[in-house]
Amino acid sequence: MSLRISIIAPMVDEAAELQRFARMIARLTPAPHETILVDSGSADDSAALARSLGLRVIASERRGRAAQINTGVAAASGEAILVIHLDTEVPEDACAVVAA
């Protein structure tokens with residue numbers, strides 16, 4: 001049995017990156033167990049755009065990447081966590097590498 005990988009992505013005003021990010025996540029093989037974007041007050045409709053792309057978005061009460069990541073980890077149900085920033089490109093086998 002392989003590990004269920006939860007991807008956590010902190011997000012603040014990332015609307016410009018979301019379509020590329022969603023395409024990257026869709027290409028991952030194997031697919032992650034879940035992808036959680038953690039928003040902490042975006043003013044550019046990032047959360048609404050992410051949801052329209054089928055991505056799960058939760059809110060972080062506190063600002064800052066560490067607080068966002070901690071919020072995402074607390075909400076995750078996978079056995080392993082992969083933190084990805086929205087402007088990062090990961091290889092298609094990123095989940096397999098984490099699970100190895």
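These legends walk through close-up views of a predicted model.

**View 1. Four strands make an open sheet.** The strands line up in the order β3-β2-β1-β4, and the pairing is parallel. Out at the edges sit β3 (56-59) and β4, each of which pairs on one side only. Neighbouring strands here are turned against each other by 30 degrees on average, ignoring direction.

View 2. On the β2 side, Ala9 has Leu37 as its bridge partner; on the β4 side, Ile5 has Ala80.

**View 3. Strand β1 is largely enclosed.** Why say that? Because 7 of the 7 residues of β1 are buried, the rest of the structure largely encloses the strand. Ile5, Ile7, Ala9 and Met11 point one way, while Ser6, Ile8 and Pro10 point the other way.

**View 4. Helices lie across the strands.** Helix α1 lies across β1 and β2, running at about 160 degrees to β2. Together, β1, α1 and β2 make a right-handed β-α-β unit. Helix α3 (residues 65-75) lies across β1, β2, β3 and β4, and runs at about 150 degrees to β1.

**View 5. Helix α1 has a buried set of residues.** Zoom in on Leu18, Phe21, Ala22, Met24 and Ile25, which are buried in α1. What do the buried residues of α1 pack against? Their packing partners are β1, β2 (34-39) and α2.

**View 6. The largest nonpolar core holds 22 residues.** Phe21 and Leu37 have the most contacts inside this core. At least two core residues come from each of β1 (5-11), α1 (15-27), α2 (46-52), β4 (80-83) and α4 (94-99). The largest share, 5 residues, is supplied by α1. Apart from this core lies another one, of 5 residues, including Ile8, Ile36, Ile58 and Ala76. Nonpolar side chains tend to be buried together in soluble globular proteins.

**View 7. Leu37 touches residues from several parts of the chain.** Setting aside neighbours within four places in sequence, Leu37 is in contact with Ala9, Met11, Leu18, Phe21, Ala50, Leu55, Arg56, Val57, Ile58 and Leu86. One of these, Ala9, is also its bridge partner.

How values were computed
Residues numbered from 1 in each chain as written. Predicted model: local features only at pLDDT ≥ 70, side-chain atom pairs only at ≥ 80, totals over all residues. Heavy atoms only, no water. Core = buried A, V, L, I, M, F, W, Y, C linked by side-chain atoms within 4.5 Å. Buried < 20%, exposed > 50% of the residue type's maximum accessible area, 1.4 Å probe, protein only. Contact = heavy atoms within 4.5 Å. Pairing = 2+ DSSP bridges. Right-handed = clockwise from strand over helix to strand, strands pointing away. Axes fitted to C-alpha atoms, helices over the stretch in contact; angles between N-to-C directions.
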